[in-house]
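Take the model below one piece at a time. The walk starts at a single residue, widens to the whole chain, and then returns to individual sites.

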Amino acid sequence: MESEATLCESPLRNDCNTYQAQPAQSLSEAVIEAIAAETGLAALEVADEYGPLYDAIDPSALDSLFQPTETSQPGSCVTFAYAGYRVRVDQTGRVDLRDKHAGSH
């Protein structure tokens with residue numbers, strides 16, 4: 001599993017597609033919805049096509065990672081690989097998808 005916690009201060013890149021989680025939506029659901037929108041699959045088909053999200057990251061941990069606490073750090077995010085994308089999720093519920101095969105910046 002490839003993941004990293006880092007400060008997300010870098011600007012969006014042209015090769016990155018951004019999705020925003022809805023207020024009542026969990027981050028793991030937002031990731032699945034973003035992948036579904038990007039690939040043209042139904043959300044329920046994403047796991048059949050690419051394997052379950054938990055093969056890339058623990059969905060429960062992802063959902064609880066950015067719950068508001070006294071120790072929350074502004075600008076925090078987590079990045080991991082899933083469904084052929086480099087997925088970056090931040091504490092605002094923003095989901096950035098970048099093709100893993102695109103050049104690194």
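In which strand is the place of Arg 88? This is a predicted model, and it puts Arg 88 in strand E4, which covers residues 85-90. Is Arg 88 buried or exposed? Its relative accessibility is 14%. Buried means under 20%, so Arg 88 counts as buried. The side chain of Arg 88 has a partner: a polar contact of 2.6 Å joins it to the side chain of Asp 96.

Now step back to the whole protein. It holds 3 helices and 5 strands. From the N terminus on, their order is β-β-α-α-α-β-β-β. The protein has 105 residues, and 34% of them count as buried. The exposed surface comes to about 6,400 Å². Carbon and sulfur atoms supply 49% of that area.

Next come the helices. Two packed helices are described by the angle between their axes and the distance between the axes. Helix H1 spans residues 27-39 and helix H2 spans residues 43-50. They pack at an angle of about 85°. Their axes are 9 Å apart. Angles from 65 to 115 degrees count as roughly perpendicular, so H1 and H2 are roughly perpendicular to each other. Which residues make the contact? H1 brings Ile 32, Glu 33, Ile 35, Ala 36 and Thr 39. H2 brings Ala 43, Val 46 and Tyr 50. By class, the contact of H1 with H2 has 6 nonpolar residues, 1 polar and 1 charged.

The loop between H1 and H2 is worth a stop. Ala 42 has its place there. Its relative accessibility is 40%, so Ala 42 counts as partly exposed. Ala 42 and Ile 32 are 10 residues apart in sequence. In space, their C-alpha atoms are 9.3 Å apart. Ile 32 is also one of the H1 residues in the contact with H2.

Move on to the strands, beginning with a loop. Ala 83 is found between strand E3 (76-82) and E4.

Beyond E4 lies another loop, the one between E4 and E5, and Gln 91 lies in it. Is Gln 91 buried or partly exposed? At 34% relative accessibility, Gln 91 counts as partly exposed. How far is Gln 91 from Leu 65, C-alpha to C-alpha? The two are 26 residues apart along the chain, and 8.2 Å separates their C-alpha atoms.

The last stop is strand E5, residues 94-99, where Asp 99 has its place. Asp 99 has 35% relative accessibility, so it counts as partly exposed. Asp 99 and Ala 81 are 18 residues apart in sequence. Their C-alpha atoms are 9.5 Å apart in space.

Methods. Residues are numbered from 1 along each chain as its sequence is written. This is a predicted model: local features need pLDDT of at least 70, side-chain atom pairs count only at pLDDT 80 or more; totals for chains, interfaces and linings use all residues. Side-chain values use heavy atoms; hydrogens and water are left out. Helices (H or I, at least four residues) and strands (E, at least two) are DSSP runs, numbered from the N terminus. Buried means under 20% relative accessible area, exposed over 50%, partly exposed in between (1.4 Å probe, protein chains only). A polar contact is a pair of N or O atoms within 3.5 Å; within protein, one must be able to donate a hydrogen and the other to accept it, and residues adjacent in sequence count only if both atoms are side-chain atoms. Accessible areas come from the Shrake-Rupley method with a 1.4 Å probe; for residues, only the protein chains shown count as cover. Axes are lines fitted to C-alpha atoms, for helices over the stretch in contact, and angles run from 0 to 180 degrees between N-to-C directions. Angles under 35 degrees count as roughly parallel, over 145 as roughly antiparallel, 65 to 115 as roughly perpendicular and the rest as oblique. Contact means heavy atoms within 4.5 Å. Ala, Val, Leu, Ile, Met, Phe, Trp, Tyr, Cys and Pro count as nonpolar, Asp, Glu, Lys and Arg as charged, and the others, Gly among them, as polar.
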